[in-house]
Amino acid sequence: MGEIDNSEIIDLRERQTRASGSISCCIITRDEDGFISDAIASVKGLADEIIVLDTGSIDETVQCAEKLGARVFTTEWRNDFSEARNLAISKARCEWILILDADEIMDRRSHSRIRELVSGNPDAAFMFEQWTYTDDSDTFGWIPADEDNPVSREMIGYFASQQVRLFRNREDIRYRGQVHEDVEESLLSLDLTIFKVEDVIVHHYGRLKDSERIDRKYRMYLDLGEKKLQANPGNSKYIFELASQLLGLGFTEESMVQIDRGLEIAPDSWEFLNLKGLTLIKQGASAESVEYFSRGIEIDGSRPDLYNNIGVALIESMRPEAALEQLLKGLEISADNPNLLRNSATACIMSDRLDDGRSYIERSLAVDPFMSHSHMIHADILFRTGKNDEAAEALEKIRFISGTDLKVYLKSVYIYSQMKMVDRASDVVGRALKDYPGHEGLIFLSGKVHELKEEFETAITIYNELLTRSPNNSDIHNSLGCMYEKRGELKKAAASFDRAARLSPHNLQIRINLGIVEGKLGRDTEAEEHLRSVLSLDPLSGSALNAFGCFLSQRGRYSEAIKNFTKAIEQDPGDIRFYLNLGLLCEKMEMPVRAAEIYEKIAMLDPSAAPIVESRLEQLRDTVS
């Protein structure tokens with residue numbers, strides 16, 4: 001027998017993988033043992049080989065991948081996603097490359113569709129939709145998931161993006177960019193057609209990971225994004241990515257610098273205009289943001305999030321009717337959008353349209369039952385319509401939802417206090433502190449509960465301790481000022497309110513508090529200046545009108561005071577404080593009949609105020625007799 005010529009040996013595996021229409025699925029990994037098995041299983045039967053390139057896992061990722069039959073390679077991570085992608089692709093032996101991340105899966109129902117694509121298009125690339133699942137309905141572009149979606153992993157919604165995931169295995173097709181890497185530039189340079197395929201979905205579960213890991217990932221992306229932009233300073237896409245990352249991490253000033261750079265390059269980009277509006281809202285300049293959302297809508301009026309964002313800006317600018325008009329336009333495009341529905345409810349509350357508000361918030365909760373803000377709004381509407389037991393039931397749901405915003409808790413405690421349910425407020429805060437010991441926001445709320453119990457010394461101690469940890473927290477300075485005011489330490493109160501106002505110049509309530517205390521200290525010029533400045537910014541603020549009315553009344557300027565109290569009642573006809581102050585003023589002006597009418601109105605609005613009403617009516621009877 002003669003010697004065998006190795007050149008004539010047929011490698012069956014090589015022939016199989018190089019066959020027409022064969023697919024290599026390429027995955028890069030690092031510490032993904034909680035996801036990698038599902039990723040590999042989702043392409044079994046579709047991919048002729050699965051390439052896993054691990055970049056330094058210390059968990060069981062590599063072992064899981066090997067056990068499931070993947071070809072596993074390892075490399076050192078060098079802060080470059082494109083480098084890792086390209087190394088994985090270089091190991092592939094098939095005709096086509098399918099890109100998948102370790103925390104993604106392909107819907108098995110799309111396998112036959114992908115086979116059709118590779119068999120009929122020899123020189124093309126394909127862009128699929130990626131659905132990133134999250135319960136955070138505040139996320140830009142969030143869409144509620146169908147109840148029968150078998151791969152949502154019980155997430156109630158997702159946001160979508162389009163990415164090239166399938167292309168020919170050619171040495172001249174490679175990824176570029178250290179972070180948010182893409183292959184499109186390479187494909188376009190080769191003049192290859194990129195098809196958008198809407199019926200193939202890549203399901204992404206990156207938002208299911210723990211928050212600390214997500215935060216580390218975003219900070220890494222920020223660092224790489226900065227390097228990427230340094231190498232391509234005029235690329236508007238890279239500028240947008242970096243601006244978004246900066247805003248997501250709370251660096252609003254730095255984000256604004258990048259946004260303005262982007263708008264110089266792309267002045268008609270609704271994405272940059274929207275991002276600028278969001279940044280202005282974060283900076284407390286909601287009124288200014290309206291212009292940018294409006295320009296974005298002029299450019300592309302099909303984006304429901306733009307209508308939602310302009311609605312939020314108008315709400316925060318105290319223009320609820322204008323806000324509702326924009327929000328309803330958004331609902332014409334996206335009828336089940338929970339953010340549009342929730343903010344429509346808020347606008348209705350501000351416009352005293354409580355029945356409409358209840359309808360909107362209940363529709364919002366039907367789509368997204370895990371938004372604590374929505375439960376708070378629902379409770380607020382129920383409370384305002386006299387349904388205290390139902391309101392308390394709505395508030396109880398909040399404590400079982402993680403990630404609740406401090407302002408939601410504050411509003412909840414306020415509603416409990418108005419319903420005279422201080423023990424319930426205390427119970428909720430106490431339970432939350434057991435779950436999140438040391439959480440500053442919850443410790444702050446415990447101080448608010450002590451306020452409600454009139455345990456002012458304890459509240460002051462809590463606030464002062466918190467200021468050692470967060471000396472620039474305006475909410476704490478404001479609350480401390482309220483406590484000093486209640487104890488009659490007016491100079492300390494004024495100092496606390498002044499500090500809070502400097503930290504949050506757009507917070508009108510803090511400026512109202514400062515004006516009230518300055519009036520009590522006899523600093524009439526400063527007090528009137530503060531109160532008038534608030535009313536110049538928000539002439540319909542019931543709180544500001546009431547505070548200015550009290551200031552005027554105490555100085556004998558009764559006619560002006562009556563006008564302010566009357567306007568305050570017009571703005572918030574359910575607040576008995578405004579009626580009470582007007583009634584007391586009528587007593588001062590020796591108008592007992594008018595005062596009695598006002599007190600009777602209070603009794604109708606709030607039966608729990610009966611002791612105050614009886615006391616004032618008795619005083620009137622004694623005065624008249």
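This dialogue walks through selected features of a predicted model.

Reader: What is the mean pLDDT of the protein, and what share of its residues reach 70 or more?

Author: pLDDT gives the predictor's confidence in each residue. The mean here is 85. A share of 90% of the residues reach 70 or more.

Reader: Over which residues does pLDDT stay under 50?

Author: Residues 1-16. For that stretch the model has five contacts beyond four places in sequence.

Reader: How many helices and strands does the protein have?

Author: There are 30 helices and nine strands. The protein has 625 residues, and 50% of them count as buried.

Reader: What do the contacts say about sequence separation?

Author: Take contacts between residues at least 6 apart in sequence. Of these, 60% join residues at least 24 apart.

Reader: Now the rings. How many aromatic pairs does the structure hold?

Author: It holds 10 aromatic pairs. Trp77 and Phe81 form one: their ring centres are 4.9 Å apart and their planes stand at 70 degrees, so the pair is edge-to-face. The cut-off for that class is over 60 degrees. Trp77 and Phe81 are both buried.

Reader: What class does the pair Tyr133 and Tyr205 fall into?

Author: Read the plane angle again; under 30 degrees counts as stacked. For Tyr133 and Tyr205 the planes are at 15 degrees and the centres 5.6 Å apart, so this pair is stacked.

Reader: Which parts of the chain does that pair link?

Author: Distant parts. Tyr133 is in strand β6, residues 124-133. Tyr205 is in the loop between β9 (193-204) and α7 (211-231). The two residues are 72 residues apart. Both Tyr133 and Tyr205 are buried.

Reader: Which residues do ring pairs link into a cluster?

Author: Trp131, Tyr133, Tyr158 and Tyr205.

Reader: Where do charged ends sit over rings?

Author: Look for an Arg or Lys end group placed along the ring normal. Arg85 has its charged end over the ring of Tyr175, 5.9 Å from the ring centre. Arg168 has its charged end over the ring of Trp96, at 5.6 Å from the centre.

Reader: Turn to His204. Is this residue buried or exposed?

Author: Start with relative accessible area; under 20% means buried. His204 has 12%, so it is buried. His204 belongs to strand β9.

Reader: What does His204 touch, and which side chain does a polar contact join to it?

Author: Set aside residues up to four places away in sequence. His204 then touches Asp103, Glu104, Gln130, Trp131, Thr132 and Tyr133. The side chains of His204 and Asp103 are joined by a polar contact of 3.3 Å. Two of the residues touched, Trp131 and Tyr133, are members of the ring cluster.

Reader: Is Lys276 buried or exposed?

Author: Apply the cut-off and ignore the residue type. Lys276 is buried, at 11% relative accessible area. The residue lies in helix α10, residues 270-282. Beyond its neighbours within four places, Lys276 is in contact with Met256, Ile259, Asp260, Leu263 and Tyr292.

Reader: And where does Tyr409 lie?

Author: In helix α18, residues 406-418. Tyr409 is buried, with a relative accessible area of 11%. Leaving out neighbours within four places, its contacts are Ile398, Ile401, Thr404, Leu442 and Leu445. Tyr409 and Leu445 are 36 residues apart in sequence, with C-alpha atoms 7.5 Å apart.

Reader: Is Gly34 buried or exposed?

Author: Over 50% relative accessible area means exposed. Gly34 counts as exposed, at 54%. Gly34 is placed in the loop between β1 (23-29) and α2 (36-43). Thr61 is 27 residues away along the chain, and 8.1 Å separates the two C-alpha atoms.

Reader: What about Lys420?

Author: Phi of Lys420 is positive, near 60 degrees, in a residue other than glycine. Lys420 is in the loop between α18 and α19 (422-435). At 59% relative accessibility, Lys420 counts as exposed.

Technical notes
Residues are numbered from 1 along each chain as its sequence is written. This is a predicted model: local features need pLDDT of at least 70, side-chain atom pairs count only at pLDDT 80 or more; totals for chains, interfaces and linings use all residues. Side-chain values use heavy atoms; hydrogens and water are left out. Rings of Phe, Tyr and Trp (its six-membered ring) pair if their centres lie within 6.5 Å; planes under 30 degrees apart count as stacked, over 60 as edge-to-face and the rest as tilted. Buried means under 20% relative accessible area, exposed over 50%, partly exposed in between (1.4 Å probe, protein chains only). Helices (H or I, at least four residues) and strands (E, at least two) are DSSP runs, numbered from the N terminus. A charge sits over a ring if NZ of Lys or CZ of Arg is within 6 Å of the ring centre and within 35 degrees of the ring normal. A polar contact is a pair of N or O atoms within 3.5 Å; within protein, one must be able to donate a hydrogen and the other to accept it, and residues adjacent in sequence count only if both atoms are side-chain atoms. Contact means heavy atoms within 4.5 Å. pLDDT is the predictor's confidence in each residue, from 0 to 100.
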